[in-house]
Amino acid sequence: MQLSNFSDFLTAARAQPEAQRLLFVFAVAELPQTHTPGQARRFEEGRGGALSPVMCVDKGLDELADFTMLADESRATGQPWDMVLVAALAGEQQASGIDRGLKMMIDAVHRGAIERFLAFDPNGHAVRFA
């Protein structure tokens with residue numbers, strides 16, 4: 001299934017046979033401290049950089065109507081972000097499983113291992129990494 005926006009993702013999650021718990025890690029794009037001139041140029045052009053997690057949250061599908069709701073709630077914290085990474089946990093989850101999932105996602109972002117997550121920009125459009 002090709003997802004082009006957050007609405008497509010919610011539709012796919014709601015179509016799953018088991019309940020889904022959605023995990024979100026919001027991140028800012030930063031220029032790494034040890035960067036090359038080429039990396040700096042790409043970053044200034046809006047391409048490249050490193051993601052740094054700034055906040056996370058979990059939501060049930062019944063708690064989330066659309067991307068606007070998620071974005072508005074995140075902006076109410078006052079913490080800016082450039083991208084939100086998303087994963088889903090199937091079935092009824094205990095708080096400890098959700099916490100482990102969020103910690104695993106945050107660790108993966110720190111390592112740059114984000115290819116297994118869906119990513120959306122601040123407008124809810126899917127982000128593809130080259």
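Visitor: Which side chains meet Arg 21 and Glu 63 in this model, and what kind of pairing is it?

Guide: They meet each other: the side chains of Arg 21 and Glu 63 form a salt bridge, 3.0 Å from N to O. Keep in mind that this is a predicted model. The pair links distant parts of the chain, with Arg 21 in strand 1 and Glu 63 in the loop between strand 2 and helix 3, 42 residues apart.

Visitor: With which residue does Arg 21 form a salt bridge whose closest N and O atoms are 2.7 Å apart?

Guide: That's Asp 58. Arg 21 lies in strand 1 and Asp 58 in strand 2, so this pair ties together parts that are 37 residues apart in sequence. Asp 58 has a relative accessible area of 21%, which means it is partly exposed.

Visitor: How many salt bridges turn up in the whole structure?

Guide: Five. Another one of them joins the side chains of Asp 107 and Arg 111, at 2.4 Å from N to O. Here both residues lie in helix 4 (residues 95–111), four residues apart, which is about one turn of the helix. Asp 107 is partly exposed, with a relative accessible area of 39%.

Visitor: Back to the strands. How do strands of a sheet pair?

Guide: In general, they pair through backbone hydrogen bonds, either parallel or antiparallel. In this model there's an open sheet of four strands, ordered 2-1-3-4, with antiparallel pairing. Strand 2 (50–60) and strand 4 (118–120) are the edge strands, each pairing on one side only. On average, neighbouring strands of the sheet are turned by 25° against each other, ignoring direction.

Visitor: How many bridges join strand 1 to strand 2?

Guide: There are 10 bridges, and the two strands run antiparallel. Take Leu 23 as an example: its bridge partner in strand 2 is Asp 58, the residue that also forms a salt bridge with Arg 21.

Visitor: What packs on the sheet?

Guide: Helix 1 (residues 6–14) does, touching strand 1, strand 3 (83–90) and strand 4, and its direction makes about 155° with that of strand 1. Helix 3 (residues 67–75) packs on the sheet too, touching strand 1, strand 2, strand 3 and strand 4, at about 55° to the direction of strand 1.

Visitor: Where does Gln 20 sit, and is it buried or exposed?

Guide: Gln 20 is in strand 1 (residues 20–30). Its relative accessibility is 13%, so it counts as buried. The side chain of Gln 20 reaches the backbone oxygen of Glu 18 at 3.2 Å.

Visitor: Which residues is Gln 20 in contact with, leaving aside its neighbours within four places in sequence?

Guide: Ala 13, Lys 59, Gly 60, Leu 61, Ala 88, Leu 89 and Ala 90.

Terms used:
Residues numbered from 1 in each chain as written. Predicted model: local features only at pLDDT ≥ 70, side-chain atom pairs only at ≥ 80, totals over all residues. Heavy atoms only, no water. Buried < 20%, exposed > 50% of the residue type's maximum accessible area, 1.4 Å probe, protein only. Polar contact = N/O pair within 3.5 Å; in protein donor to acceptor, adjacent residues only side chain to side chain. Contact = heavy atoms within 4.5 Å. Pairing = 2+ DSSP bridges. Axes fitted to C-alpha atoms, helices over the stretch in contact; angles between N-to-C directions. Salt bridge = Lys/Arg side-chain N within 4 Å of Asp/Glu carboxyl O.
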